[in-house]
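This note is intended for a colleague meeting the model for the first time. Please read the points below alongside the display.

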Amino acid sequence: MSTSFSSAHRLYVKSLYRRMLKNELDWVVRRDVWRGRAMMVRAEFERNRDVTEPRALAQILERAEACLASKLHPDPYIPPSMPGGTKWERNIPPTIAPIYDHTAAVHH
């Protein structure tokens, strides 16, 4: 089955889907509860899967973006070792650089 949508469109829809799932996970930490919400998000995407008219599709995507923007979590979960996480740059390994020889340096 061939579709007329570009790869950029497919990447955009995948990105939107992942952002919606991530936002649901920000609100609900328990995976068993999150799974039900994830299935509802998937059902919404599946319901609009066969839409091929560009204007209708643009409206659907615009509504989805607006819905996501209105439901964004104010304090999203950040994995500890990722930038902005609680362990980011903790215990950084020493730099691999030549050791500065203080005794050989000329003191003023």
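How many aromatic pairs does the structure hold?

1. The structure holds one aromatic pair, where rings of Phe, Tyr and Trp (its six-membered ring) pair if their centres lie within 6.5 Å. Tyr17 and Phe45 form this pair, with 5.2 Å centre to centre and 75° between the planes, an edge-to-face arrangement; planes over 60 degrees apart count as edge-to-face, under 30 as stacked and the rest as tilted. Because Tyr17 lies in helix α1 and Phe45 in helix α2, the pair ties together parts that are 28 residues apart in sequence.

2. The model is predicted: local features need pLDDT of at least 70 and side-chain atom pairs pLDDT 80 or more, whereas totals for chains, interfaces and linings use all residues. Residues are numbered from 1 along each chain as its sequence is written, and side-chain values use heavy atoms, leaving out hydrogens and water.

3. Helix α1 (residues 7-27) packs with helix α2 (residues 31-47) at about 150°, their axes being 9 Å apart; helices are DSSP runs of H or I of at least four residues, numbered from the N terminus. Axes are lines fitted to C-alpha atoms over the stretch in contact, and angles between N-to-C directions run from 0 to 180 degrees. The angle therefore makes α1 roughly antiparallel to α2 (over 145 degrees; under 35 is roughly parallel).

4. Among the residues of α1 that meet α2 are Val13, Leu16, Tyr17 and Trp27, and their counterparts in α2 include Arg31, Trp34, Arg42 and Phe45 (contact means heavy atoms within 4.5 Å). The residues of this contact of α1 with α2 divide into eleven nonpolar, no polar and four charged.

5. The charged end of Arg31 is 5.2 Å from the ring centre of Trp34, and Arg42 lies over the face of Tyr17, at 5.7 Å from the ring centre.

6. Helix α3 (residues 54-70) packs with α1 at about 25°, with the axes 11 Å apart. The two are therefore roughly parallel.

Notes: Angles under 35 degrees count as roughly parallel, over 145 as roughly antiparallel, 65 to 115 as roughly perpendicular and the rest as oblique. Ala, Val, Leu, Ile, Met, Phe, Trp, Tyr, Cys and Pro count as nonpolar, Asp, Glu, Lys and Arg as charged, and the others, Gly among them, as polar. A charge sits over a ring if NZ of Lys or CZ of Arg is within 6 Å of the ring centre and within 35 degrees of the ring normal.
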